[in-house]
Amino acid sequence: MAWWQQVLAVDAKFNYHRAPASPGFKTLYIRRRSQLLRDSAREDGPAVRHYLRTRLALLQQRYCVTLDQLSLKSRTASLRSASRLTTEGDSPHMSRSMSMAFSQPGSQSVEGPRAPPPAGSLVPTQRAEASKAIVGGTSIGENYAFSGVHHIFDQHRDSVSMVKFAHNDSGLLACCSLDGSLSICQVADGDPRVLHTLQLHTAGVTGFDWSATNDLLLSCGEDGKVCLWSVLSGQCLRSVSDQAGTQVLSCVFHPFNSNWAVLGNSRGMVQVLNMSTGHYPKGGTSKVAGQVTSLTFDSTGKTLWAGDDKGTIISFLFDLGSGGLRKGKRCVVSEGAPITCLSARTWASREAPNPTLLVSAGCDALLLYRVIDKEGGLRLRRKFTVSHKTQPVRSTFCPLMSFRQGACVVSGCEDCSVWFLDVERDSRPLINRLQGHAAPVLGVTFNYDESLLATSDASGLVIVWKRE
């Protein structure tokens, strides 16, 4: 049996996910596999490459890792070193997962010794260094380079203030416009096309949200209506009027129960609505000082943040059983600067397990806040200058945690461009800038695997960009 066949046999025999995680077991596995890898140095180059290709194919099949993400060159250069297994997950959802660190015992990283990080910065872990070795040596800026325009949609006659890809779907995209309509598009399966145009609102549509299963779409508008749509048929299933009879400026589904929706109106009311019954539950309405321009839940669905047009963010604790709201903490971002977008993330990057809130504010600022307590209290972490004064500019986290150091966010901009920012850089955080719009860029959204980016502008144009 060839050496590479022996290694694969050892991998199969000592499958980490099926074996007990005792120290003696791991030591035996690492020792045996390291011995086989050292013996491989006596083999010729083609045999080494054959082993690597076979192992990469197995990794792709087992862990859904695409071969173009893996750097054959970096693995070949580190073939003689030992492979290390860790029992800790690389993310909060990946406990007991494999993390292969091709480094000699005692070394700090695959890229050589690293100076101590400055105070307050992220601390790179061995898992992060291994992840960077897997994808090769590209920088975070190179990772967000785009090859060009995939498609342009121009079905709307007025400003498209929001675009959003469906959850865990590479091509289903929705847009809402001040022309009073929404559209559902398919951009990945076959030729890009508009599947449905949703028309019931009699004034501009100010926001929408996908249900957790992507079968429903929730929309709100300046006409005071909240509509529930079937994504499959494009039909309106329910229409409910705002209980105060005023404009509804923002809406969001509960992340785990699509029966609950939360609305924000122009009178400062944050309202919970039961979409199954069309009723507003008792204890599900609260009041803030300004017009409620943005809403977002945390990943648990227990904390809700509402931003208003006076520059304030209020947190609420949400009761899933009754739909009740209880006020938490208040944070003043900037007096008189409207909060046009809120995005919550549990982990900002693979090295930063801290709940984070991304805020777009109409004071030429994109801000990153750290969530500091269970009541949704916020502490300012970073502030970036972005051209944003009068338009409802939105921003978002990049959906994939980067294998490289840093954490990337994307923002629209009133200078008609799309900005990519590394929020962990102390200087020159702008890592890329897309120019193609002729009007202020308002909406930005990535699909779940980051292969496509959709952006919208104040003229009604939607551009879908393809990543390299």
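Which residue forms a salt bridge with Asp 364? In this predicted model, the partner of Asp 364 is Lys 389. The legends below describe this contact and further close-up views.

**Figure 1. Salt bridge between Asp 364 and Lys 389.** The closest N and O atoms of the two residues are 4.0 Å apart. The pair links distant parts of the chain, 25 residues apart. Asp 364 is placed in the loop between β19 (356-361) and β20 (365-371), and Lys 389 in the loop between β21 (378-385) and β22 (395-397). Asp 364 is partly exposed, at 25% relative accessibility. Lys 389 is likewise partly exposed, with a relative accessible area of 49%.

**Figure 2. Salt bridge between Lys 164 and Asp 209.** The structure holds eight salt bridges, and the view shows one of them, in which the closest N and O atoms of Lys 164 and Asp 209 are 2.7 Å apart. Because Lys 164 belongs to strand β2 (residues 160-165) and Asp 209 to strand β6 (residues 205-210), the pair ties together parts that are 45 residues apart in sequence. Lys 164 is partly exposed, its relative accessible area being 24%, whereas Asp 209 is buried, with a value of 6%.

**Figure 3. Salt bridge between Glu 424 and Arg 381.** The side chains meet at 2.7 Å, N to O. Glu 424 lies in the loop between β24 (417-422) and β25 (430-435), while Arg 381 lies in strand β21, so the contact ties together parts that are 43 residues apart in sequence. Glu 424 counts as buried, at 18% relative accessibility; Arg 381 is also buried, with a relative accessible area of 19%.

**Figure 4. Aromatic pair of Tyr 144 and Phe 446.** The structure holds seven aromatic pairs. In the pair shown here, the rings of Tyr 144 and Phe 446 are tilted, with 6.1 Å centre to centre and 55 degrees between the planes. Tyr 144 sits in the loop between α6 (140-143) and β1 (146-153), and Phe 446 in strand β26 (residues 441-446), 302 residues apart. Both Tyr 144 and Phe 446 are buried.

**Figure 5. Aromatic pair of Phe 297 and Phe 318.** The rings of Phe 297 and Phe 318 are arranged edge-to-face, at 5.6 Å centre to centre and 85 degrees between the planes. Phe 297 lies in strand β14 (residues 292-297) and Phe 318 in strand β16 (residues 312-318), so the pair ties together parts that are 21 residues apart in sequence. Phe 297 and Phe 318 are both buried.

Technical notes:
Residues are numbered from 1 along each chain as its sequence is written. This is a predicted model: local features need pLDDT of at least 70, side-chain atom pairs count only at pLDDT 80 or more; totals for chains, interfaces and linings use all residues. Side-chain values use heavy atoms; hydrogens and water are left out. Helices (H or I, at least four residues) and strands (E, at least two) are DSSP runs, numbered from the N terminus. Buried means under 20% relative accessible area, exposed over 50%, partly exposed in between (1.4 Å probe, protein chains only). Rings of Phe, Tyr and Trp (its six-membered ring) pair if their centres lie within 6.5 Å; planes under 30 degrees apart count as stacked, over 60 as edge-to-face and the rest as tilted.
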